[in-house]
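Here's a quick briefing to read with the viewer open. Have a look at the model first, then go through the points below.

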Amino acid sequence: MKFAKRLDNVSGSAIRAIFALLEQPGMISFAGGNPAPDCFPNDDVADIAHKLLHKNGSAVLQYGGTPGAAKLKDVVIDMAKQRGIAATPEQVIITSGSTQGIGLAAKSLINPGDVILAESPTFIGALQTFLTYEADVKGVKMDEHGMDIDALEAAIIAHNPKFVYTIPTFQNPTGRTMSIERRAKMVQVCEKHGVLILEDDPYCDLRYSGDPVPPIKSFDKTDNVIYLMSFSKIISPGLRVGAAIADPRVIAKYNVCKQGEDLHTSNLSQEIVTAYVNSGKLHKHIAKINAVYKAKRDAMLAKLKSFPDSIKYTVPDGGLFIWLDLPNGADAMPIFENAVERGVAFVPGTHFYPDGSGKSTMRLNFSMASLSQIDEGMDILKAVVQENM
Ligand SMILES: Cc1ncc(COP(=O)(O)O)c(C=O)c1O
């Protein structure tokens with residue numbers, strides 16, 4: 001078969017192979033990034049859907065407008081306001097998850113060969129999307145305070161990128177959060193050089209410790225930041241609802257590009273999210289799931305204390321991931337293979353690096369496994385790590 005040439009460099013097979021392993025019975029998974037199955041508001045969603053379809057079924061089941069439902073845009077604007085972002089309806093588009101917000105940025109902005117800068121490491125889904133549009137993704141180094149802004153400026157000067165993609169809060173894969181100072185400086189630097197920022201913020205409400213940090217977008221006075229929100233981690237990823245907030249000219253391009261993708265985000269999903277948030281139950285629900293995830297994070301961190309001292313790991317204030325770095329550039333691949341043989345899966349960190357480096361790193365997810373699986377799985381992982389070091 002003759003597929004498009006632009007897909008030649010896009011494989012995704014390594015990660016897909018890992019997810020295939022998770023199907024094996026008894027496998028303890030620290031590999032995925034899914035919300036825990038007991039963290040969905042099933043009954044409330046069922047009630048809302050039932051009422052919606054009985055009262056207003058013909059409208060909900062009809063086609064809708066591409067920009068999204070006005071009532072949901074109001075919800076998004078209100079949530080953004082609470083995060084320090086001022087937006088009007090013309091600056092908002094409802095998307096099918098933040099995945100689509102990333103895809104529409106790629107579709108509307110990338111020409112083949114354009115450079116995109118991103119944290120190194122970064123979210124594998126975004127990496128793949130940018131590669132699909134034939135971008136040249138270059139990593140910018142980061143530390144425990146997020147992307148290094150001096151390195152970013154140097155990369156901007158060297159590569160003249162189309163935009164900078166960043167996940168500043170509880171980053172996937174590292175769990176790190178960019179400091180407030182760096183957020184403000186990033187806005188300044190990117191504005192100075194005329195480079196757009198694509199801020200992906202699906203985890204900010206999943207905070208278990210520390211104080212909230214305002215989004216990069218809240219420092220942006222010139223509409224130079226495209227801000228992506230998602231309801232996946234706080235309500236349900238299966239509903240596929242997110243939003244982008246940006247300059248109306250960007251939103252107009254997003255609209256055109258979205259028309260050819262899915263025409264609009266599912267009306268039923270949009271109505272469910274709107275009704276659920278407007279019922280006032282979201283805050284309580286977030287508090288409930290945060291308590292569940294905090295206990296799991298703490299359980300995994302407690303186990304990591306007994307790992308060899310030379311292993312560095314992040315202590316995230318929220319999100320779903322802990323990031324490990326083995327000493328002396330040790331290879332995480334044999335550890336991965338041995339761990340899987342003994343029934344524990346994680347993702348080797350190299351997959352998250354735009355240049356394929358990071359061989360000594362590992363991403364551990366703590367949301368999907370139960371507390372007892374974390375206990376058992378981390379003991380197995382510790383034994384495998386010790387044997388391989
Ligand atoms: C950084 C990041 N962005 C976007 C997504 C996709 O989220 P959504 O379900 O909103 O499409 C994920 C999901 O894991 C993610 O980690």
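How many positive and negative side chains does the protein have, and how far apart do the centres of the two sets lie? There are 40 positive and 43 negative side chains, with the two centres 3 Å apart. For that count, Lys and Arg are positive and Asp and Glu negative, while His and the chain ends are not counted; each charge is placed at NZ of Lys, CZ of Arg, CG of Asp or CD of Glu.

Before the details, some ground rules. This is a predicted model, so to speak of local features takes pLDDT of at least 70 and side-chain atom pairs count only at pLDDT 80 or more, whereas totals for chains, interfaces and linings use all residues. Residues are numbered from 1 along each chain as its sequence is written, and side-chain values use heavy atoms, with hydrogens and water left out.

**Overall picture**

- The secondary structure comes to twelve helices and 14 strands (DSSP runs numbered from the N terminus: helices are H or I with at least four residues, strands are E with at least two).
- The radius of gyration is 21 Å, close to the 21 Å from the globule rule for 389 residues, so the protein is as compact as a globular protein of that length. That radius is taken over C-alpha atoms, and the rule is 2.2 Å times the number of residues to the power 0.38.
- Along its principal axes, the C-alpha trace spans about 60 × 50 × 50 Å.
- Buried residues account for 55% of the 389 (buried is under 20% relative accessible area, exposed is over 50%, and partly exposed is in between, with a 1.4 Å probe and protein chains only).
- Take the contacts between residues at least 6 apart in sequence: 75% of them join residues at least 24 apart (contact means heavy atoms within 4.5 Å).

**Aromatic pairs**

- The structure holds eight aromatic pairs. Rings of Phe, Tyr and Trp (its six-membered ring) pair if their centres lie within 6.5 Å; planes under 30 degrees apart are stacked, over 60 edge-to-face, and the rest tilted.
- One of them is Trp323 with Phe352, edge-to-face at 6.1 Å centre to centre and 75 degrees between the planes. This pair links distant parts of the chain, 29 residues apart: Trp323 sits in strand 11 (residues 321–325), and Phe352 in the loop between strand 13 (347–348) and strand 14 (361–365).
- Trp323 is buried at 4% relative accessible area, and Phe352 is buried at 1%.
- Trp323 also pairs with Tyr353, this time tilted, at 6.3 Å and 35 degrees. Tyr353 lies in the loop between strand 13 and strand 14 and Trp323 in strand 11, so the pair ties together parts 30 residues apart in sequence. Both Trp323 and Tyr353 are buried.
- Elsewhere, ring pairs link Phe130, Phe163 and Tyr165 into a cluster.

- Most residues other than glycine have a negative phi, and most peptide bonds are trans.
- Ser120 and Pro121 are joined by a cis peptide bond with omega about 10 degrees; Pro121 is in the loop between strand 3 (115–120) and helix 5 (124–132).
- The bond from Asn172 to Pro173 is cis too, with omega near 20 degrees, and Pro173 is in the loop between strand 6 (163–166) and helix 7 (180–193).
- Glu134 has a positive phi, near 65 degrees. You'll find Glu134 in the loop between helix 5 and strand 4 (136–143), partly exposed at 36%.
- Asp223 has a positive phi as well, near 55 degrees, and lies in the loop between strand 7 (196–200) and strand 8 (225–230).

**Residues worth a click**

- Ser98 lies in helix 4 (residues 97–109) and is buried at 11%. Beyond its neighbours within four places in sequence, Ser98 is in contact with Asp200, Pro202, Leu228, Met229, Ser230 and Gly242.
- Gly33 is in the loop between strand 1 (28–29) and helix 2 (42–60). Leaving aside neighbours within four places, the contacts of Gly33 include Lys233, Leu320 and Arg363.
- Ser370, in the loop between strand 14 and helix 12 (371–388), is partly exposed at 29%.
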